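Let's walk through this model together, from its overall layout down to a few individual side chains. Have a look at the sequence and structure first.

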Amino acid sequence: VLLAARCTPNCSKEGANALLLAAAVGGGPTMVANLIEARCNVEAAFRPRWCSPPGILFACLAMRHQLLGSRTFFSLVGYHGHGATPLMCAVVFNRVTEVRALVA
């Protein structure tokens with residue numbers, strides 16, 4: 001709907017973009033293909049500012065992973081999340097159909 005209304009898919013607030021979110025939460029291969037066709041940046045990395053709420057959350061999770069040796073799903077996401085591309089997010093969240101759409 002938003003693409004039909006000619007909204008830009010590359011608007012990034014706090015380092016996220018539409019393709020990254022679709023890959024992480026399971027938007028489906030059709031949505032991923034539509035975003036790529038709309039020229040969404042496939043190489044856009046998740047880079048929140050350190051002083052923003054997402055940045056603080058990811059920093060705390062990464063510190064748990066690195067300093068305390070925590071190996072939970074959330075600590076892994078926090079540790080590997082900063083700088084993650086849509087393909088990396090789809091792999092971490094086990095979104096096989098989105099991975100196939102991103103690689104194709």
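From the N terminus on, the elements run α-α-α-α-α-α, giving six helices and zero strands. Helices (H or I, at least four residues) and strands (E, at least two) are DSSP runs, numbered from the N terminus. Keep in mind that this is a predicted model: local features need pLDDT of at least 70 and side-chain atom pairs count only at pLDDT 80 or more, while totals for chains, interfaces and linings use all residues. Residues are numbered from 1 along each chain as its sequence is written, and side-chain values use heavy atoms, with hydrogens and water left out.

Of the contacts (heavy atoms within 4.5 Å) with a separation of 6 or more, 58% are accounted for by residues 24 or more positions apart. Buried residues make up 34% of the 104 residues; buried means under 20% relative accessible area and exposed over 50%, with partly exposed in between (1.4 Å probe, protein chains only).

Now turn to helix H6, residues 96–103, where the buried residues are Glu98, Ala101 and Leu102. They cover an arc of only 100 degrees around the axis, so they sit on the same side of H6; the arc is that of the directions from the helix axis to the C-beta atoms. On the face turned away from that buried side, H6 carries the exposed residues Arg100 and Val103.

Finally, visit the loop between helix H3 (53–67) and helix H4 (73–81), where you will find Leu68. Leu68 is exposed, with a relative accessible area of 69%.
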